[in-house]
Structures are given as structure tokens and as C-alpha cells.
Amino acid sequence: MTTQFQELIAKNQVRLAMRRKFTNGFMLSVTGFLTILALIPLFWIIGYVFYKGFAYLNLSFFTQLPRPLGMEGGGVLHAIEGTIVLSLLGAIFAIPPGVFAAFYASRYPNTPIGITLRFSTDVLSGVPSIVIGLFVYAIMVKPMGHYSGLAGGVAMALVMLPIIIRTTEEMLKLVPGALREGSLALGAAEWKTSLSVIFPSALSGIITGFLLAISRAAGETAPLLFTALGNERYDLKTIVTSGIAQHQSIFMIFGRIVNQPVDSLPLTLWKYAQQPYPERIQQSWTVALVLMIVILMINIAARVWVESRKRRLQG
Amino acid sequence: MLKPIKPLPKNRWIKRSDEFLRHGDIPWQIILIAMSLLIMVLIIAIGWMLWHDSADARSLFGWGFLTPTSDASWDPVHDNFEAWPFIYGTLLTSLTAIILAVPISLGVAVFMSELCPEWLRLPLNWLVELLAAIPSVVYGLWGIFIFLPIVVTPVSNFLFETAGKIPGIGVLFAGPVPESGVSRLGAAFILTIMIIPTITAVTRDVLLAIPDSQREASLALGATQWESIWKVLLPYGNSGILGATILGLGRALGETMAVTMVIGNSIEGTLSLLRPGYTMASIIANEFAEAVTKLHSQALIEVGLILFVMTLVLNVVARFLVWSVARRIPTEARV
């Protein structure tokens, strides 16, 4: 009687163990499967964009303005120049406050202002980019009375700011405390220490952060829709040469560069993809290819660089 | 014998101001604090600007702007606006995306933090981050021409024929299914792909922050690896994972370009997931630049205000949850 009972229990235990083992193996392989599932779109998108985009890729794509529909050739020079102008403007506006704020965040993380800063950085990075577009429209486009590259640059800066603060803070924190203390012990003031000891030794990592922020902003469309608007006739060469011909000062020329509507690659992509002409759709794939190459290159290079730097500083 | 060094004669006022400024440290501090507070000021300014610029629309339409109606009108010609279809579209697509994205992201995060070999961890991390780096217009382009016809249309047809027959929830899967695949479901799928990196990254950080003693204890008690993940690690990090989910939801709510390209942009009374729709972000993207009447642009700004408040609340809650996990884990246990 007892042996029978024991046998039954033993049998059940074996069955339970088998089941647990099976569940274990099954669920662990499910997580692996989900990882593959999540990465399929990445390879699908990259592969398809390369496949479709390369068909139209040629030199004139980078060197010419768009031609009217029906004419052969033409490129997206206006959008390439516009993207560069907007990204640089954004970087100029976002880098100084971002770096100073990051200095504060890395030096005094637990003061009330430090906590407020960290919190508001998180919140700002969560504000939808279309809302940033609305905000910049209200503070810049409406008072100025027209769309402009300057407003687009401010919108870009608002997108970049949280990224710059976060990456810079991270890099500043990696600098060994002994460096700071050494400089202070030699009698340098706090600002002198920050600017000429800590900042240079974290500089390469900080620049990587800038590049990441720029690559993120270069792919943004929503903040530009009603700030930079888009401009198919945007051409830096004409602006500069005509400016020089009219003996305008460098400030005037710069003003003309930023004070008119500007196009960018994602904006162009969006507009072309909505048109019913196969030519335009072809071009939008090529724009996507150029955009992807630039962004992926910056991202991969930046990550490789940061990783090697971290290893050097920590190891 | 060294002569005692005479201090250089110094102007009294320069000396005094130098001491007062602590050799430049006071201005430095002021700049740092000003720049730190600037971020907070920006957020307040965004909120105030949206509030201020939508004043007429708010006073004219009141709460009726937000309330659910079956025949909402969005009529720029007669200046009559109700935002319910967009709010519904945003909520439906984002919640669907969250329901799909959370299990996948949990799987990826568990795989990355617990299972995968050390050499694979970094490349996987990069790949997931690359997924987040792809511009949203590229998602949209790929969505319209490739993803919608190949994946969404068959799935929609399948759902229409199976779930559409069930009374009750059948409303959500009513047809007719558009042939091109442009639908709220398509938008939800694209959003799923786009928020997986966000949720995965935060969940992985939460899992990695759990002290090893938890894993060791549960394995030592005889749990299988899956049991220790499912019954120990995930419950331990649950509020962090909830925070990650809410962050993902916040991203999904605000996502504009990709959704605008695949959702079909139509205002109709249907509740169906399989029909084209509109979201709050996409109505702003489509109409704001062409809004002629003052009330039209004010109504759009009010939609933006609702969106801003929603994401603000979600972000605050999410950050609080993630922080609470980080605080609960004792510092010495964090590697």
C-alpha cells in the first residue's frame, strides 16, 4: 500500500520535473525568438532602403536642385544644405546651455536644483516633437511674421537639448575625481578647474554626444513642419555669390541664409512620398538612403568611440 | 636666506570684488544655475504658450471639445471643432501598440540581461538602439509601400473574418478592410516597432540593477532559470517595468510622422481598428500649416495642449516609478 503510494508520488514528481524543465526550455527559447522578431524590422528596413535607394543614386542627386516633374535628373541639394544649416543652428543654440547644465548636473546631482534639472530634462525629452513645433511657431514664426531657418534651428535645439545634457553629464562623471581635486589643490578656482581641466579631458566623449544629438535632430520632421516649412529653391551658392556681388557684409549673408524658409532631408522625403508620381517616390527612397547612411554612420562611429573611451578611462 | 616675498600692491576695489566673487566662482555658479533652471522654464513656457494661444477655442467649445461623441464634427468652414476622433485614434493606436510591444520588449530585455552570452550583449544593445535611431519618416515610407501591403492587409483580413464576428468586441474589428492596408492597425504596428527600443532599454536597465543575490537565492532553492526570471526577477522589478511601459506609451502618443503616413487620415465615426483614422499628432501635422481661420489654428493648438498634458503626466508617473526602483535597490548591491 505504502509502496504504491510512494510510487505514485515519485511518478508525479517526475512528471512535474519534466514539465518544469519543458516550460523552462520553451520560455527561454521564446525570449530568443522574440529578440529575433524585434530585430527583423531593422534589417528589413535597412535592406529595403538600400535596395530601392541605390537605384537612383548618382552624383547629380547631391549637386543639383530639384527639377520640375517630367524633366530628367535633378537632385536634393537644397535639402542637404538645409539639413546642414538647421543642424548647425540647432547645435549652436543647444550646446552652450546644455553643457553648462550638464556641468551643474554632474557636480551637484543631489541639490534641489540638480534634481529639478534631471527631472525637467527627462520631461523635455518626452515632449512630443510636434508640440515643440507648435511652441516654436508661437514664439518665433508668429512674431517674425514668416517661416524661417532660424525658427527651425530653435526647434532643432529643443530636440537636441535633453540628449546633449544627458550624454555630457555622463561623460563628465567619467572624469576621475582626483583630477578635479588636484586642480583645486593647486589653487585653481572652480570655474578654471571645470573649463580647463575637466572639460578637456572629457571633450572627445562630449563631442560624440553632440554628434548623436545632431544625428537625432537631423532625422526629425515634425518640429520643422511649421517652423522651417521647406524651400525648393534654397541654394547656399546663389545666396553667397549674389551677396558677395552686392558687397554685402558677412552678417547680411548669414542673415539671408537663416532668415528664409529652409528645407531638410526628412521634410523632402515626407513631401515626395505623398506625391502620386513614381519619380518622386523613387527619389524619396534615395533620400531615405542618404539619411539612413548619415545617421547610421554617426551612430555606429559614436558608439564605438564611446565604448573604447569608457574602457580606457575605467580600465 | 630667503627674503620674505612682498605681496604685490593691489587695488583695494579689485581685491574686494575678487573676494566677493570668490575669484570668478560666483558668476560661474550663477551661469550654471541659470542654465539648469532654463530647462524647467522652457517646459513651463511650452505649457503656458499652448494654454494662452488656445484661449478662444477653450472658452468657445469648453469640455465638449474632449467628450466622446459618435458624430463629432471637425469643420473649418463653419468653425465647429470637436477633438474626440483624434483623442480616440491616439488612445486606440497607442494602447494597441503597448499591448503588442510589452511582451516582445520583456522577452528581448530578459534575453539581453539574463540569457545571452557576454559577447553578444553589446552588439544586441547596439542593434536595438539603431532601431530607435531610424528616422520616423523612414519608418513611414517603409510602412506605406512595404509593411502595410505585405503584413497589415493580410492580418486585417484575418481579424475581420475571425474577431469581427464576435459580438461585443466585433465593433473594434468592423470592416470593410481597406485594400492598401492604411488603418489604425497599421499605425499601431508601426508604433509597436518604434517603441520596442524604449521599453527594452529601460526594462534591461531595471533587470541589470537587480542584485545577483536574488538570482542566486532563487536558483539555490531549486527554481529553474525561467521560474527565477518569472517569479523573482520580474516581480522584483515590476514598478520599473511599469515605468518603462508608460514611457513607451508616452512616445507612442507623441509619435507624428510615421503614424501620419500610415493611418490614412480620415475622420469617420467608426470605432474599428481596421479602418483609417486620425491621431492628435497627425491632425496637427496635416492641418496646422494651412489653418486659415484663427479658430481653426486655436483648435489645433488646443489639441496640442491636450497631447502635451497627457505626455507630461505619463512622463512624471513613469520617471517616478523608475526612480522608486532605483532607490529601493541598496547602493552597495548595485555593481
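1. Let's start with one residue, E302(B), which sits in helix 13 (residues 294–328) of chain B. Keep in mind as you look that this is a predicted model. Is E302(B) buried or exposed? It counts as buried, because 23 other C-beta atoms lie within 10 Å, and the cut-off for being buried is 20 or more. Setting aside neighbours within four places in sequence, E302(B) has contacts with S54(B), A57(B), R58(B) and F65(B). For V182(B), 120 residues away along the chain, the C-alpha atom is separated from that of E302(B) by 27 Å.

2. While you're in chain B, have a look at helix 12 (residues 280–287), which is mostly covered. Six of its eight residues are buried. Which ones are they? The buried residues of helix 12 of chain B are M280(B), A281(B), S282(B), I283(B), I284(B) and A285(B).

3. Now over to chain A as a whole.

4. Of its 315 residues, 43% count as buried. If you take the contacts in chain A with a separation of 6 or more, 76% of them are between residues 24 or more positions apart.

5. Next, a helix pair inside chain A. Two packed helices are described by the angle between their axes and the distance between the axes. Helix 5 (residues 129–144) of chain A packs with helix 6 (residues 149–174) of chain A at an angle of about 140°, and their axes are 9 Å apart. That angle makes helix 5 of chain A oblique to helix 6 of chain A. The crossing of these two helices of chain A is right-handed. On the helix 5 side, the contact residues are S129(A), I132(A), G133(A), V136(A), M140(A) and V141(A); on the helix 6 side, they are L150(A), A151(A), V154(A), A155(A), L158(A) and V159(A). Sorted by class, this contact has 10 nonpolar, two polar and no charged residues.

6. Then there's the meeting of the two chains. How many residues does each chain give to the contact? Chain A gives 65 residues and chain B gives 64. Several helices of chain A supply at least two residues each to the side that touches chain B, among them helix 3 (77–107), helix 4 (112–126) and helix 8 (190–218). The largest share of that side, 19 residues, comes from helix 1 of chain A. By class, the side of chain A that touches chain B has 46 nonpolar, 14 polar and five charged residues.

7. Finally, zoom in on a helix pair that spans both chains. Helix 11 of chain A and helix 6 (residues 136–162) of chain B pack at an angle of about 20°, with axes 10 Å apart. This makes helix 11 of chain A roughly parallel to helix 6 of chain B, and the crossing is left-handed. P266(A), L269(A), W270(A) and A273(A) from helix 11 of chain A meet V137(B), L141(B) and I144(B) from helix 6 of chain B. The class count for this contact is seven nonpolar, no polar and no charged residues.

Methods. Residues are numbered from 1 along each chain as its sequence is written. Chains are lettered from A and ligands numbered from 1 in the order in which they are written. This is a predicted model: local features need pLDDT of at least 70, side-chain atom pairs count only at pLDDT 80 or more; totals for chains, interfaces and linings use all residues. Axes are lines fitted to C-alpha atoms, for helices over the stretch in contact, and angles run from 0 to 180 degrees between N-to-C directions. Helices (H or I, at least four residues) and strands (E, at least two) are DSSP runs, numbered from the N terminus. Angles under 35 degrees count as roughly parallel, over 145 as roughly antiparallel, 65 to 115 as roughly perpendicular and the rest as oblique. A crossing is left-handed if the near helix is turned anticlockwise from the far one by less than a right angle, and right-handed if clockwise. Two residues are in contact if their C-beta atoms, placed from the backbone, lie within 7 Å. Ala, Val, Leu, Ile, Met, Phe, Trp, Tyr, Cys and Pro count as nonpolar, Asp, Glu, Lys and Arg as charged, and the others, Gly among them, as polar. A residue is buried if 20 or more other C-beta atoms lie within 10 Å of its own, exposed if 12 or fewer, and partly exposed in between; C-beta atoms are placed from the backbone.
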